[in-house]
Amino acid sequence: MTWQTMLIFTTLATAAPSFATTADHPPTDPKATEQWQPVPKLVTPGKHDAAPPSDAIVLFDGRNLDRWESVDDHSPARWKVHDGVLTVDKKAGNIQTRQRFKNYQLHLEWQVPADIAGEGQARGNSGLFLASTGPGDAGYELQIMDSWKNPTYVNGQAASVYKQTPPLVNAMRPPGAWQTYDVVWTAPVFAADGTLTAPAYVTVLHDGVLVQNHTALTGETVYIGKPAYTPYTDAPIKLQAHGDPSQPISFRNIWVRPLD
């Protein structure tokens with residue numbers, strides 16, 4: 001055995017952690033490892049996977065926009081509710097929830113028109129802002145757009161954390177079909193002096209396919225430059241009225257479960 005080999009074995013032996021074995025701690029009564037309290041709260045699931053469970057806050061059920069407001073002036077949201085769906089009014093600007101959230105589970109369904117025109121970022125563009133931290137497009141954006149046979153930069157396609165993290169796969173259905181996002185959002189944590197102590201994380205399923213797996217965000221969404229964090233406590237959820245010239249997209253069946 002060479003001295004190099006001996007050094008490797010010695011290093012591994014020194015670095016290797018020690019684990020308790022069954023022989024070190026013989027089994028005892030199995031009740032010693034049973035947990036009985038606290039009992040988890042009872043939640044009744046929806047009638048199907050996309051339906052809101054009993055503890056969800058329904059943000060849009062096809063009837064009205066009572067839970068939403070215009071971002072710029074906090075007046076009632078002015079997007080178009082018709083036939084049980086919500087269609088973007090680009091002239092009316094972004095809308096956001098009246099209620100503020102921190103950590104949550106969100107379900108949202110969206111549809112790109114079957115006759116969508118344009119290409120790249122100018123094709124069915126919108127956005128789900130997981131935390132709206134200010135006016136305009138301030139906050140943390142999960143991209144919404146038509147990524148069906150529509151090439152663009154990968155950290156700007158559907159289900160990307162915009163300008164940060166591409167989706168693991170492209171799970172887009174063709175225009176005219178309804179898409180689903182199921183999101184788990186973990187808000188960033190800040191110390192009293194505003195220092196970041198834990199980043200934001202997001203997990204996303206697009207049409208039932210995992211596309212963001214506990215992805216750590218590097219800050220708020222920015223179009224130019226590098227993301228950065230600005231301290232906040234809780235925030236509305238925002239939907240974007242993007243200014244591209246393509247036909248407006250629609251939404252339905254939006255609900256949220258606060259996880260705080």
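Predicted model: local features only at pLDDT ≥ 70, side-chain atom pairs only at ≥ 80, totals over all residues.
Local features require pLDDT of at least 70, side-chain atom pairs count only at pLDDT 80 or more, and totals for chains, interfaces and linings use all residues. Residues are numbered from 1 along each chain as its sequence is written, and side-chain values use heavy atoms, with hydrogens and water left out.

A salt bridge was defined as a side-chain nitrogen of Lys or Arg within 4 Å of a carboxyl oxygen of Asp or Glu. The count by this rule is 9 salt bridges. Accessibility is given as relative accessible area: buried is under 20%, exposed is over 50%, and partly exposed lies in between (1.4 Å probe, protein chains only). Helices (H or I, at least four residues) and strands (E, at least two) are DSSP runs, numbered from the N terminus.

One of the salt bridges pairs D55 with K41. Their closest N and O atoms are 3.8 Å apart. Both D55 and K41 lie in the loop between α1 (3-15) and β1 (57-60), so the pair ties together parts that are 14 residues apart in sequence. D55 is partly exposed, at 21% relative accessibility. K41 is exposed, at 64%.

A salt bridge also joins D61 and R63. Here the closest N and O atoms are 2.6 Å apart. D61 has a relative accessible area of 41% and is partly exposed. R63, at 67%, is exposed.

R252 and E109 form a further salt bridge, with an N to O distance of 2.7 Å. This pair links distant parts of the chain. R252 belongs to strand β15 (residues 250-258) and E109 to strand β6 (residues 104-111), 143 residues apart. R252 is partly exposed, with 31% relative accessibility. E109 is buried, with a relative accessible area of 6%. Elsewhere, salt bridges that share partners join K41, D55 and R257 into one network.

T230 was examined separately. T230 sits in the loop between β13 (209-216) and β14 (238-239). Its relative accessible area is 45%, so T230 counts as partly exposed. Contacts were assigned to heavy atoms within 4.5 Å. Leaving aside residues up to four places away in sequence, T230 touches Y140, F190 and E220. T230 and D73 are 157 residues apart along the chain, and their C-alpha atoms are separated by 22 Å.
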